[in-house]
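Q: Please go through some of the labels used for this structure. I would like to see each one set against its definition.

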Amino acid sequence: PPSLVQSQASRFIMRIRVGPTTWAWEPVTPRGVAAFAVAPVGRVLLAGLVVTVLSAATVVWFLHGAWFPTVSKALHALPSQGEIRQGKLLWRGESPVLLAGDRFLSAVVDLNHEGELGHESDLCLEFGQKGLRLISLLGYVELGYPPDVVIDANRPGLEPWWGAREAVILALAFGSVVVVLGVTWLVLASAYSLPVWLIAFFANRGLSLTQAWRLAAASLL
């Protein structure tokens, strides 16, 4: 019938005018983030997993390329004798001395914390007689040595230990970043979903609380 043909034609023209629904796949533009508001929850979680894994891989790449070579050089520069006993570093070498360092990380032995060797690095590990100082652009934090544990501070003891555990440390760093970043992402998305929903409500936009959570989660990515 002509009425049916006219109805089908109207629907076809309406589809052409409206266009296809935006597919949620990239949360890096306003339109891309908005598309996740109506996407399935599984797609939002998949995008979060991809970003989290990429972030963890970046951290591992940085550790392996920037910090770990300096650590290996510092351990190789240690003397053949030395240890931490009863909360004190028993050091038989020169002080202060730069074991290894570059613009990212440096390792220094300064028993009295009186020099500035290695302070130009982003992070400086300064080993004193009674504690370790972590020095950065924001200042420093001092950590005391454990009083009841004997720790090797020599090349024969630490170099093999580091060589056997370097890959394990990288794996633990990868897993830690994935877990911490993933949990933080879920918590912050839940916290931001209510303000997003309120903004949409007062702007007279049809956005449910679940859609607000998806939008907040995508924007955090």
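Q: Why are Phe201 and Phe202 called exposed?
A: Exposed means over 50% relative accessible area, buried under 20%, and partly exposed in between (1.4 Å probe, protein chains only). Both Phe201 and Phe202 fall in the exposed class. This is a predicted model, in which local features need pLDDT of at least 70 and side-chain atom pairs count only at pLDDT 80 or more, while totals for chains, interfaces and linings use all residues. Residues are numbered from 1 along each chain as its sequence is written, and side-chain values use heavy atoms, with hydrogens and water left out.

Q: What makes Phe201 and Phe202 an edge-to-face pair?
A: Rings of Phe, Tyr and Trp (its six-membered ring) pair if their centres lie within 6.5 Å; planes under 30 degrees apart are stacked, over 60 edge-to-face, and the rest tilted. For Phe201 and Phe202 the centres are 5.4 Å apart and the planes at 75 degrees, hence edge-to-face.

Q: Why is the pair of Trp185 and Trp213 called tilted?
A: Their planes stand at 50 degrees and their centres 6.5 Å apart, so the pair is tilted.

Q: How do you know that Trp185 counts as buried?
A: Its relative accessibility is 9%, so Trp185 counts as buried. Trp213, at 18%, counts as buried too.

Q: Why does Glu26 have no salt bridge?
A: A salt bridge needs a side-chain nitrogen of Lys or Arg within 4 Å of a carboxyl oxygen of Asp or Glu. Lys and Arg count as positive, Asp and Glu as negative; His and the chain ends are not counted. The nearest side chain of opposite charge to Glu26, Arg31, is 7.5 Å away.
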